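Good morning, colleagues. Please keep the structure in view as we proceed.

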Amino acid sequence: MRIIHAKNKEEMSKIAAQIFIEQVTNKPDSLLGLATGGTPVGLYDELGKSGCDFSRVTSVNLDEYAGLPGENENSYRYFMNDNLFRKINIKLENTNVPCGTAEDLQAECKRYSALLNKLGTRDIQLLGIGPNGHIGFCEPDTELFATCSVVDLTESTIQANARFYNDISEVPRQALSMGVKEIMDAKHIVLIAEGAGKKEILKKACFGKITTQVPASLLQLHPNVTVIEATGLEEE
Ligand code: PGA
């Protein structure tokens with residue numbers, strides 16, 4: 001793992017944006033894996049300001065809430081359209097997010113996994129890290145799923161996401177998420193994390209034992225991971 005220590009969120013976002021801009025400049029038809037959450041907002045702003053040409057880029061997102069249509073402000077489709085896609089010249093038809101309102105969620109997971117297979121290895125996969133060490137919505141457990149699955153969100157994730165809702169009872173309990181094998185199927189994984197609250201879990205992910213109880217620790221097995229952090233993490 002290559003770890004870059006940023007001074008603050010702004011610097012983290014700028015460094016991460018530079019990686020994406022270089023990727024798309026060198027390979028205009030890049031396949032990018034994207035993420036949602038509070039952490040990537042600054043990075044997406046930077047990409048919007050960059051003027052970089054995304055017209056030939058294809059994107060795949062990590063996950064989506066079960067039951068939320070793309071028009072719902074809390075859906076990840078809405079988040080992506082609002083925070084990134086409307087700011088760059090990517091073609092919306094080349095952007096992919098699992099469909100949270102599919103009648104048969106299991107079938108939707110199969111469709112998404114087949115799509116990932118068809119698109120092939122991503123050039124970059126962006127990741128955040130949950131306070132519980134999740135990546136995508138691969139939640140800590142004794143076993144993790146390899147391919148796209150319907151997942152029950154943990155209490156910690158529901159609480160972390162409650163900040164976006166009027167009431168915690170409105171937070172979806174389930175999501176569709178890429179599996180760990182699919183998340184790892186990228187040439188380069190870029191994980192961003194900021195805020196002192198993420199320092200301990202990031203330390204476990206980067207330097208701790210590899211365990212399914214900290215899904216991000218599995219990234220230690222990937223040959224090309226860049227962590228850009230503004231959590232105050234110290235090297236071990
Ligand atoms: P956050 O979420 O960026 O909102 O902290 C990260 C994650 O859960 O992956």
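I begin with residue classes: Ala, Val, Leu, Ile, Met, Phe, Trp, Tyr, Cys and Pro count as nonpolar, Asp, Glu, Lys and Arg as charged, and the others, Gly among them, as polar. By that scheme, the shell around the ligand holds 1 nonpolar, 6 polar and 2 charged residues. This is a predicted model, in which local features need pLDDT of at least 70 and side-chain atom pairs count only at pLDDT 80 or more, while totals for chains, interfaces and linings use all residues. Residues are numbered from 1 along each chain as its sequence is written, and side-chain values use heavy atoms, leaving out hydrogens and water.

Which residues surround the ligand? They are G37, G38, T39, G128, I129, G130, H134, R163 and K198, where near means having a heavy atom within 4 Å.

Let us turn to the polar contacts, defined as pairs of N or O atoms within 3.5 Å. An oxygen atom of the ligand lies 2.4 Å from an N or O atom in the T39 side chain. For the side chain of H134, the corresponding distance from a ligand oxygen is 2.6 Å. At G38, a polar backbone atom is 2.8 Å from an oxygen atom of the ligand. The protein buries 84% of the 280 Å² that the ligand exposes when taken alone, by the Shrake-Rupley method with a 1.4 Å probe.

The largest pocket has a volume of about 410 Å³. Its lining comprises 25 residues, with T36, G37, I129, G130 and H134 nearest the centre. These 25 divide into 11 nonpolar, 10 polar and 4 charged.

Finally, the largest cavity has a volume of about 40 Å³. Among its lining residues are F20, L32, L34 and S59, and the lining divides into 9 nonpolar, 1 polar and no charged residues.

Conventions:
On a 1 Å grid over the protein atoms alone, a cavity is a set of points where a 1.4 Å probe fits but cannot get out, and a pocket is an open set with protein on both sides within 12 Å along at least five of seven lines; lining residues have an atom within 4 Å of a point. Grid points are joined across faces, edges and corners, and a volume is the space filled by probe spheres set on the points. A polar contact is a pair of N or O atoms within 3.5 Å; within protein, one must be able to donate a hydrogen and the other to accept it, and residues adjacent in sequence count only if both atoms are side-chain atoms.
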